[in-house]
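Work through the exercises below with the sequence and the structure in view. Each task is followed by a solution in steps.

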Amino acid sequence: MDWPILSTIILIPLLGSLTILLINSEDEIGRRNIKIVALYTCIVNFLASIFLWVNFDKLTSEFQFIERYAWLAENITYHVGIDGISLFLIILTTFLMPFCILASWSSISNKIKDYMVAFLILESLMIGVFCALDLVVFYLFFEACLIPMFLIIGVWGGARRVYATFKFFLYTLSGSVLMLIAIIYIYIVTGTTDVTILSGYDFNYSIQNWLWLAFFISFAVKMPMFPVHTWLPDAHVEAPTAGSVILAGVLLKMGGYGILRFSIPLFPIGSFVFTDLVFVLSVIAIIYTSFIAIAQEDIKKLIAYSSVAHMGFVTMGIFTFTDQGIQGGVFQMISHGLISSALFLSVGVIYDRLHTREIEVYGGVVKKMPIYAAFFLVFTMANIGLPGTSGFVGEFLTLLGAFKVNLYVAFFATTGVILSAAYALWLYKRVIFGVITNDEVEKLLDLNLREYIILLPFVLLIILFGVYPNMVIDLTAASTTNLIDNYNYAIEQYQSHLVSVNLEIGT
Amino acid sequence: MNLLIFTPVLPEIAITIASMFLLIIGVFKKNEKTYTTISNLAIFSLLAVLFLIFSGSVPKGISFGGSLITDSFSLYLKTLILISSIIILVVSNIYLRNINLLKFEYIILILLSVVGMMIMVSSNDLISLYLSIELQSLPLYVLASIRNKSSKSTESGLKYFVLGALSSCILLYGLSLIYGYTGSIYYNEIASNLSEYDVGILIGVAFTLAGFAFKISAVPFHMWTPDVYEGSPTTVTAFFAVAPKIAALGLIVRILITAMPTLIEDWQSILILLSIFSMLLGAFSAIGQRNLKRLLAYSSISHMGFALMGVINGSFDGVRSLSLYMLIYLVMSLALFISIIALKNNDEHIENIEDISGLAKINPVMALIISILLFSLAGIPPLAGFFAKFYVLYAAIDAKLYYLAIFGVLSSVISAFYYLRIIKVMYFEESANSFDPISKRLKTIIYLLTAITLLFFLRPSIFINFAGTASASLFI
């Protein structure tokens with residue numbers, strides 16, 4: 001195919017944001033037009049990404065839709081392409097964006113123009129992250145995401161937004177600067193930053209550990225993993241609803257994606273050496289943040305901590321290096337992208353009405369908003385991982401992978417499933433059931449059409465992916481199998497190297 | 001006598017003659033319009049010289065018996081110096097009128113200082129080095145205190161002069177030691193006579209570098225910078241922040257690489273310390289600043305520390321990264337300073353960070369531009385500042401100075417904090433500030449410079465090749 005489809009998908013939101021810049025936002029009509037342009041841009045981009053899905057060849061593990069143009073240096077080129085893993089993350093991004101725009105339709109009134117421009121630029125950058133096949137290009141997109149997100153949380157956020165957005169920015173930046181040093185080092189040693197060339201390169205074993213660590217710190221902050229997760233609850237709580245959706249739905253996935261795309265193929269030995277570290281951190285994240293979630297008074301904070309716990313399943317699954325584990329990790333990322341976004345959107349619905357996220361203010365919402373309660377129930381159950389929802393598939397596959405590799409890890413991670421039921425069901429009970437104690441709750445109105453349109457697709461997709469996960473797994477299978485094969489090959493080499501070293505020491 | 005031997009220094013000669021000529025006009029024709037006339041003539045002559053350089057009519061070669069050298073590297077730096085001084089003169093025209101400081105001497109002083117800087121980047125022996133530094137500095141001392149009714153301006157001029165004189169002494173002492181131990185003032189002869197190892201020469205190098213460090217305000221010779229930046233008129237501050245730094249770095253690169261290549265291990269360790277301390281101190285001290293100009297002073301200290309990383313390796317990659325860094329730094333910091341000059345609350349120029357609070361509401365375009373510039377200074381991709389840092393880090397890692405690179409990136413994270421604080425004030429805070437409209441000419445310059453910062457990533461190779469060709473001439 002000659003048409004540069006990936007670049008088109010990256011550029012459409014950018015063009016949309018340029019169009020919005022030209023619209024006068026002084027009067028009501030202008031503001032309405034801005035929202036409409038933003039919405040249409042996102043929908044067009046979603047359709048374009050569906051086109052990717054349709055034309056995607058699921059049998060090969062090679063990168064597809066490749067584009068390559070000369071850029072910074074001979075071997076630092078604008079190189080983009082996708083495989084099964086990135087395909088769904090791109091679709092997830094373009095799928096979530098229209099809902100973000102819709103969710104901000106009436107809740108954002110201040111500087112609507114800047115808001116939409118920031119969101120559309122962010123969309124371009126996020127898609128760029130998932131397409132990039134060159135380390136420098138990846139870093140460029142990865143870091144550039146900070147700028148719009150910083151403004152989204154800082155300008156349109158809640159009361160403690162300044163603290164939250166600074167924390168978000170500085171945590172992520174300090175994590176990723178070390179990756180920049182590692183990237184430059186790789187360029188100096190190998191003379192290229194092209195991932196497709198680098199994945200066959202054997203880095204010196206001891207250097208590999210350092211490079212792996214430099215990349216891992218960056219991804220761990222983004223994921224976020226224990227103990228660098230503390231920025232996430234703050235950022236989530238203060239961000240506007242759509243900001244939380246993007247944060248939970250897409251930005252957190254960049255960490256997991258980075259590990260799959262860069263850490264494992266480039267530094268298999270590093271990944272092998274640090275597997276136990278990742279397991280320990282993942283299990284701590286799953287159990288510890290679940291306990292913290294139980295104690296939360298703020299709905300968004302509770303969901304934020306539950307996100308950390310769920311991302312723990314992703315890292316655990318990936319580092320089992322089994323088919324089930326890695327596919328489960330990828331699936332869990334997509335499923336969590338849907339579920340957490342849906343939860344944040346649901347919180348946004350009641351937040352728009354009462355302007356508080358304190359759990360104790362609510363109670364008895366079901367009596368006034370029965371349809372909302374039903375939607376929220378589906379999302380809560382999916383968050384717990386009830387069979388039939390997409391949450392189950394991800395958790396089950398990652399746990400299955402873990403059982404194959406390490407029984408203790410699997411055992412402790414499974415307790416996380418129980419804990420997630422504890423915090424999610426208790427949250428549901430406190431918000432939805434019970435007697436109405438607050439007069440404000442008495443006045444609540446059920447979902448309007450816009451909110452209905454926003455939440456319904458999530459319910460359908462969560463159940464669809466839960467019942468028929470092969471839709472995703474079929475397409476990611478070739479890429480994950482290839483990833484594991486390359487990994488196993490590298491480990492075999494490494495072990496035979498270790499044996500020969502031991503023999504030399506022995507003699 | 002064949003006059004053609006002077007053609008390599010034609011730019012310097014032309015500007016010298018122009019400044020003398022303009023001085024005469026200024027003295028004899030004192031009326032309302034004098035300043036504008038002289039300013040326009042000065043801008044015209046600088047543009048003419050710039051055109052001369054761009055058109056390739058300045059031949060490369062040495063002149064004055066080897067005292068001055070004209071090569072791609074010096075021409076590149078001269079271009080940067082000329083561009084920044086032209087922009088400064090255009091902006092000064094508007095700014096000085098606002099603050100009622102239309103003194104024609106201002107222009108003459110800038111021109112003379114530009115001549116000094118151009119000779120600095122061309123100097124090829126110790127005498128021309130010292131004389132050009134003095135020629136560059138003396139007008140700057142006067143410029144710092146040109147607002148002679150303001151005590152802060154006078155203070156800054158005095159402080160700059162006293163400390164500058166002290167650093168000149170140190171520098172001269174170092175140079176005389178080098179001369180004493182090598183028996184020559186010419187760079188190439190120094191290089192060949194350096195073979196014998198001697199402690200005296202090391203003291204000479206250390207003193208010389210200390211003198212240079214003062215000129216680029218590297219820690220621990222940075223104390224004058226915040227006060228001088230704060231006290232001087234903002235256009236002068238902008239000039240201080242860019243042109244003399246470019247000239248001094250160019251001079252440092254040339255003397256270290258052509259005169260002392262064999263002593264690399266010795267000057268390397270000095271530069272590493274200067275670089276690390278400058279980056280960290282610049283980053284930490286800026287956090288507490290409320291005055292914008294003081295904040296930018298510390299930010300420039302930090303940036304100089306970063307740029308020095310490029311010199312440390314003494315390699316082509318290093319010099320290229322430094323040349324690129326200076327170019328991007330020029331664009332970013334000039335744009336930022338001009339934005340500060342352009343913003344006025346009820347005819348009062350802004351001074352402190354709080355003065356720009358709520359800018360996003362009243363003038364969203366300017367707020368966006370300032371944010372772009374600040375993000376770029378912080379080195380966030382895809383803005384130009386990222387590429388500047390990228391290449392410098394490349395040079396440092398190539399030299400296996402990993403810890404230096406780590407200090408560099410950590411300091412840029414710390415710097416990000418105070419740059420973000422300015423953005424926070426503009427976007428996240430509401431205030432009753434009102435801002436006056438900005439003149440068209442300033443707007444054009446700001447837009448142009450910001451466009452370069454923003455769109456640099458589309459075709460980075462243009463600038464990189466430009467810097468690369470220039471740097472290559474040092475390594476023939």
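**Exercise 1: a helix pair**

Helix 15 of chain A passes helix 17 of chain A in a left-handed crossing (the near helix is turned anticlockwise from the far one by less than a right angle). The model is predicted: local features need pLDDT of at least 70, side-chain atom pairs count only at pLDDT 80 or more, and totals for chains, interfaces and linings use all residues. Residues are numbered from 1 along each chain as its sequence is written, and chains are lettered from A and ligands numbered from 1 in the order in which they are written.

Task: describe how helix 15 and helix 17 of chain A are arranged.

Step 1. The axes of helix 15 (residues 323-354) and helix 17 (residues 370-384) of chain A come within 9 Å and cross at roughly 150 degrees. Axes are lines fitted to C-alpha atoms, for helices over the stretch in contact, with angles from 0 to 180 degrees between N-to-C directions.

Step 2. Helix 15 of chain A is therefore roughly antiparallel to helix 17 of chain A (angles over 145 degrees).

Step 3. Among the residues that meet are A:L343 and A:S346 in helix 15 of chain A and A:F375 and A:F379 in helix 17 of chain A.

**Exercise 2: a strand pair**

Task: find how strand 1 and strand 2 of chain A are joined.

Step 1. Strand 1 (residues 64-73) and strand 2 (residues 76-82) of chain A run antiparallel, with five bridges between them.

Step 2. A:E67 has A:V80 in strand 2 of chain A as its bridge partner.

Step 3. The hairpin between strand 1 and strand 2 of chain A goes through two residues.

Methods: Helices (H or I, at least four residues) and strands (E, at least two) are DSSP runs, numbered from the N terminus. Angles under 35 degrees count as roughly parallel, over 145 as roughly antiparallel, 65 to 115 as roughly perpendicular and the rest as oblique. Two residues are in contact if their C-beta atoms, placed from the backbone, lie within 7 Å. Two strands pair if DSSP finds at least two bridges between them.
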